[in-house]
Amino acid sequence: MQFHLVKEKKTATFLYEKETLSGVKKVADQVRRDISLVSGCMPEMAQIGVQKETHAVFFATLGNSPVLEEMQKSGKLDLTGIAGKREVYSFTVVDSPMEGIEKALVIAGSDKRGTIYGLFHISDLLGVSPFVDWSDVKPPKQKEILWDETVNMVSKEPSVKYRGFFLNDEW
């Protein structure tokens, strides 16, 4: 079971629902640019039902996504590992998750930040540094990006309430 993020200059489409939060869509745009940095191909982003490709990256937030609920009810996705948790995400390759999609990488967040961290996990797997824009750290190029179920995971809940970093720019 292989998921083709990029194969033969074709990319998986990033799919969202009308309920998707605007901040999550902005992060998905950044991740699409990261994929373009690595592969030279920019993935399209489309609302569910308008996609053209059979491989997709579907991202959604628990409690804000009818499609996630349907996948869980039909047994295609187990979201018990993220339900009721803070800033947690599941990252799962799923066969036939919805009509018209052969395979999808489903990123489900327990909340908005969980979904955002799940999207950025793609950039992490590709070797894209968070400092790519600040330090001009270019990621290694890849012609094809293929993943299988070995990328499936559920993140841990953070041990601290607030995460981040501080830049001291006074000097």
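Predicted model: local features only at pLDDT ≥ 70, side-chain atom pairs only at ≥ 80, totals over all residues.
Q: Which strands stand at the edges of the open sheet?
A: The open sheet has 6 strands in the order 4-3-5-7-6-9, with mixed pairing.

Q: Which residue of strand 9 is the bridge partner of Ser90?
A: Strand 6 (residues 89-95) and strand 9 run antiparallel and are joined by 2 bridges. In strand 9, the partner of Ser90 is Val154.

Q: What angle does the direction of helix 3 make with that of strand 6?
A: Helix 3 (residues 112-126) packs on the sheet, where it touches strand 3, strand 5, strand 6, strand 7 (103-109) and strand 9. Its buried residues include Ile116, Leu119 and Ile122. With the direction of strand 6, helix 3 makes an angle of about 65°.

Q: How far apart are the end C-alpha atoms of helix 3?
A: At 1.5 Å a residue, the 15 residues of helix 3 should span 21 Å.

Q: Which helix gives the most to the lining of the largest pocket?
A: The largest pocket holds about 620 Å³ of space, and among the residues closest to its centre are Phe120 and Phe165. Helix 1, helix 3 and helix 4 (132-135) each supply at least two lining residues. With 6 residues, the one that gives the most is helix 3.

Notes. Residues numbered from 1 in each chain as written. Heavy atoms only, no water. Pairing = 2+ DSSP bridges. Helix = DSSP H or I, 4+ residues; strand = E, 2+ residues; numbered from the N terminus. Contact = heavy atoms within 4.5 Å. Axes fitted to C-alpha atoms, helices over the stretch in contact; angles between N-to-C directions. Expected span 1.5 Å × (residues − 1). Buried < 20%, exposed > 50% of the residue type's maximum accessible area, 1.4 Å probe, protein only. 1 Å grid on protein atoms, 1.4 Å probe; cavity = no way out; pocket = protein on both sides within 12 Å on 5 of 7 lines; lining within 4 Å. Points joined across faces, edges and corners; volume = space filled by probe spheres on them.
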